[in-house]
Structures are given as structure tokens and as C-alpha cells.
Amino acid sequence: MRQYIPRALALAGALLFASSASAAVIRIDESAFVAGSGLITFSEFAVGTVNPTYAPAAYGGGAGAPTVTFDGYFTGQSAGSSSPTSCPAGAAVSGCVLGSPTGPLSLDAGSPNTFITNDTANSTSPVLSGTPQFNGSIAILFSTPQAGVGLSGGFFDAIGGTAITAYDSAGNVLGSVTNATTGIEFLGLVTDNGAATISGLLFSLVGSEPAGFAIDNLRFGGQGQVTPTPVPEPASMALFGAGLLGMLMVRRRKAPPRAPEPDRICGPVAVAALFAHRPQAALRLFYLPARRLEAGPFCAQLARARKPYREVPAAELARIAGTTHHGGIVAIATPRAVPALPAAEALSARLLPVLDGIGNPHNLGAIARSAAFFGCEALVISGDPRQAGLSDSAWRTSEGGLEALSLYRAADLPSALAALAPRFLTVAAVARGGEPPEALANDPRPVALVLGNEEQGLAAPTIAACARQVTLPGSGAVESLNVSVAAAVLIHALRR
């Protein structure tokens with residue numbers, strides 16, 4: 001059985017519980033742990049300590065408190081493999097764990113080590129990391145079963161990519177929850193009847209997580225030390241043991257709205273533009289040794305803001321970027337919002353490119369690059385469902401152009417074009433039948449240049465909403481130019 005939830009559900013009927021672990025496992029937040037519960041901050045031992053062993057005296061535990069030990073995974077499990085079906089898509093092999101623990105639950109001494117390390121992404125550093133650093137799984141074993149367990153995990157760059165899974169003393173799955181936000185998040189579980197049945201916890205990847213993780217502030221408690229008050233579950237499911245019948249049930253809750261994924265800005269020019277125009281949006285930075293000198297000023301900015309940066313090998317940078325075309329440096333940033341197009345009077349642009357259904361993100365990026373190069377101040381994206389958004393590819397192809405422009409969205413483009421007139425001369429770019437660019441020179445108004453879908457061009461209502469149509473004259477050897485090339489030529493020709 002693979003150690004992520006969909007596979008666990010598929011094999012639910014094959015799992016038998018020898019104990020009476022029939023209590024439901026509920027997600028909780030950190031406030032559920034009351035006085036007398038255990039807390040390990042990983043500042044108790046020196047940085048570099050491998051697989052630390054926490055006797056009660058090491059963390060201030062009282063009578064009956066457990067000894068807590070750590071390793072990479074439990075006996076009976078194994079690290080993920082490079083097989084396409086062995087780990088969830090987008091998960092680092094080193095952070096994915098396969099198989100089920102064998103009873104009685106114990107740590108596998110041959111698994112990759114855990115170790116205490118500093119982490120600039122976590123304000124309460126030091127933290128506990130798996131191997132390799134910030135990209136390995138972490139298994140936690142309690143010498144006596146606990147009623148509730150939890151920890152602060154992160155820094156998460158993707159939602160639903162990382163989970164804690166609780167096990168009983170026989171190695172049976174009691175429940176699992178995944179992260180619901182990016183950044184640092186507390187993940188906790190408790191039995192709903194307060195019974196002490198949780199003997200171990202696994203922190204591992206169950207989905208895409210582009211930039212690594214570690215744990216801090218481990219909480220745990222026995223009966224009476226944890227309040228079983230549930231909070232909404234991030235993945236809208238939890239697994240319950242069904243006791244003597246050996247079945248698993250799924251508790252479903254309404255999932256919270258999914259937060260947008262962070263922007264991944266690749267390449268030295270695009271990253272420099274991010275720090276020049278939106279430095280506060282930068283969350284993390286990763287770079288190859290060859291980009292150390294260029295990354296230096298950005299690392300200094302992040303250090304002042306207490307945000308993480310890290311030099312990584314090529315394979316890890318490709319995983320973080322999601323592509324090998326990363327230019328040796330990648331920034332993770334807060335997603336850029338695209339507000340609604342304001343009133344025409346609020347726009348100072350002399351030439352305003354308007355994109356309606358440009359489906360290829362490389363074309364979006366290339367048009368933004370040309371628009372910024374020729375001095376445009378803004379770019380409008382329509383509400384056409386075919387229209388490409390601000391994807392990793394668009395950021396990369398724009399070479400900083402998207403950062404240099406104000407971006408707006410027009411949900412109803414024909415109405416928006418009507419609102420832009422008469423202050424703007426609205427011009428539809430068409431493959432044939434339009435006027436040459438020089439014919440528009442006698443109109444002194446700023447131009448709103450509308451460019452359509454790569455294959456189908458502009459829709460009839462959009463063309464009808466424009467005052468003029470423009471066509472680039474060609475030799476006739478081919479029908480038209482690529483839309484990004486046509487955009488560059490027209491922007492240059494129509495500049496006021």
C-alpha cells in the first residue's frame with residue numbers, strides 16, 4: 001500500500017485492526033493542546049544532532065510522558081522510487097514513502113536520517129529535517145500511545161502536497177491530513193473520544209511540493225491533555241479505523257476555497273524584474289552555484305525580510321521550477337492579482353495592447369515582452385476562457401515584461417471596448433481586410449490594439465466593438481504572422 005490517501009482508500013477492505021482502535025481521528029489546531037501536553041522545539045539539542053532521542057527530561061515532560069524518537073520512516077516502509085507510478089505526480093522521490101509499517105510499530109534504522117538544522121523559512125528555527133535537507137520524510141515514534149499529535153510543517157509552496165499520517169502500535173493507519181495553505185501550517189490529529197491510540201506519525205509528501213519542507217514545534221498529549229475540537233480538514237477527508245470489522249470509512253467535509261498556487265519566476269532577467277517591481281511578493285529563492293553572484297543582492301533582500309533562499313543542485317532546481325528551462329535561478333512569489341480594467345480616464349497609456357483569447361502562454365509572455373520594450377505601460381487580458389493566464393511559462397517568456405506592465409482584466413471585452421471609446425481609438429487586428437497601420441496615423445487618440453486567438457482570431461462582437469481594423473500587408477507567401485510577432489510589429493507601427 002502506498003502511503004498516500006487515494007491508495008489507502010483502495011486497499012481499505014484489506015486492513016484489519018487487532019486492537020480496539022475504533023475512534024475517529026479528527027483534525028485539530030495547536031490550541032487543542034492544553035497544559036501538561038508535550039512540546040519539542042528542536043532547540044533542546046545542538047544543530048546537527050542526528051535522529052535525536054527525547055526522553056521526558058529533555059523537553060520537560062512529567063510522569064508518564066513518552067520518550068520520542070525520530071528516523072526517516074517505519075519498519076516495513078521504503079523510500080519512493082523513480083517509477084512513474086510509485087509516488088504522486090510532482091512529489092520528490094526522497095520525500096515520498098511507500099508501503100505500510102509492520103507491527104509492532106518501530107523505526108527503520110536503515111531509513112535516511114533526520115537531523116536538527118537551521119531554516120530561514122521558519123521564524124522559530126531550528127527545525128528537524130529529513131534527508132536530503134528539506135526534502136526527506138520524517139517518522140516519529142512515541143514510547144507510549146498518545147491521544148493527540150501535531151506539528152508545524154513547512155515552508156509549503158503547494159497546497160495538499162504534504163501530510164501527517166498517524167499509526168497505532170500495530171502499524172495500522174488511524175488517519176491523515178494534508179496542508180491546506182502555503183507557508184508554515186500546523187497539522188494536528190486527535191482521537192474524538194480522547195483515547196490514547198496514536199503510537200507514530202509520518203510526515204511525508206503525498207502530492208506536488210516544489211520547494212522542500214521540515215517540521216518544528218512537535219506537540220503531543222495523552223488522555224485529558226488534548227481537546228478533541230475539530231477544525232475543517234484541508235483535503236475534505238480523513239481515514240478512520242473501524243475496529244474489529246477491519247474496514248476504513250471516509251469522513252468528508254466541505255473543503256475550503258483552494259488558494260492560488262504561488263508564481264514560479266524563472267531566469268535571471270525575470271527574477272531581477274520581480275525584485276525590481278514586486279520585491280515584497282518574493283517568498284523564496286533558489287539558484288545554482290553558477291548564479292551565486294547574481295543571486296547575492298536578492299538573497300540580501302530576502303534575509304532582511306526573514307525569507308529563505310538556498311543554493312541547490314541542478315536536479316533539485318529543475319524540480320522546483322517544473323522545467324529544465326529555468327536559467328539557473330528560480331523565485332517563488334505571491335500570485336500576482338489582475339484587477340478589473342478601470343475607467344478610461346484612469347489610463348495614461350498611449351498604446352494599450354488588449355489580448356482576447358491568446359491561448360498559448362508563450363505568446364502571452366512574448367507580447368508582454370514586446371509591449372514593455374516599446375514603452376507600453378499596461379496590458380489587458382480578456383475573460384475569454386481560452387485566454388492564457390499568468391503561468392510559469394508566461395513569466396519565463398516575458399523576460400520581465402509582465403512585471404514592467406500594469407495588468408488588467410476585462411471580463412466582457414465588447415463592453416470594455418465601448419467604455420474605452422471615445423478616449424481611445426479601438427483597433428482590431430485582423431488577418432485580412434483591414435487598413436494598413438499608417439492609415440491610422442491621422443487619429444491623435446491613444447490606441448487600444450486588440451489581438452485575437454492564434455487560430456480563430458477575434459470574435460465578431462469584439463471586431464464590431466472596435467472603431468477601426470488593421471492588417472499587416474505581406475507578400476502572400478504565407479497567410480499571416482504568429483500573433484506575438486504581429487503584435488510586436490503593430491505596437492511599433494502604432495506608437496504615438
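Which residues lie nearest the centre of the largest pocket? They are Val430, Ala431, Ser480, Leu481 and Ala486, out of 28 residues that line this pocket. Before we look around, note that this is a predicted model, where local features need pLDDT of at least 70 and side-chain atom pairs count only at pLDDT 80 or more, while totals for chains, interfaces and linings use all residues. Residues are numbered from 1 along each chain as its sequence is written, and side-chain values use heavy atoms, with hydrogens and water left out.

Let's start with the whole chain. The protein chain has eleven helices and 27 strands; these are DSSP runs numbered from the N terminus, with helices being H or I of at least four residues and strands E of at least two. Of its 496 residues, 55% are buried, where buried means under 20% relative accessible area and exposed over 50%, with partly exposed in between (1.4 Å probe, protein chains only).

On a 1 Å grid over the protein atoms alone, a pocket is an open set of points with protein on both sides within 12 Å along at least five of seven lines, whereas a cavity is a set where a 1.4 Å probe fits but cannot get out; lining residues have an atom within 4 Å of a point. Helix 11 (483-494) gives the most to the lining of the largest pocket, with three residues.

Among the residues lining the largest cavity are Gly72, Tyr73 and Ser137.

Now follow helix 6, which covers residues 361-373. Its 13 residues should span 18 Å at 1.5 Å a residue, and its end C-alpha atoms are 18 Å apart, so the two agree; the expected span is 1.5 Å times one less than the number of residues. At the start of helix 6, a side-chain oxygen of Asn360 comes within 2.8 Å of the backbone nitrogen of His362. Just past the helix, Gly375 has a positive phi of about 90°. Leu364 and Ile367 are among the buried residues of helix 6.

Finally, visit Glu345, in the loop between strand 21 (329-333) and strand 22 (351-356). Glu345 is exposed, with a relative accessible area of 66%.

Note on methods
Contact means heavy atoms within 4.5 Å. A polar contact is a pair of N or O atoms within 3.5 Å; within protein, one must be able to donate a hydrogen and the other to accept it, and residues adjacent in sequence count only if both atoms are side-chain atoms.
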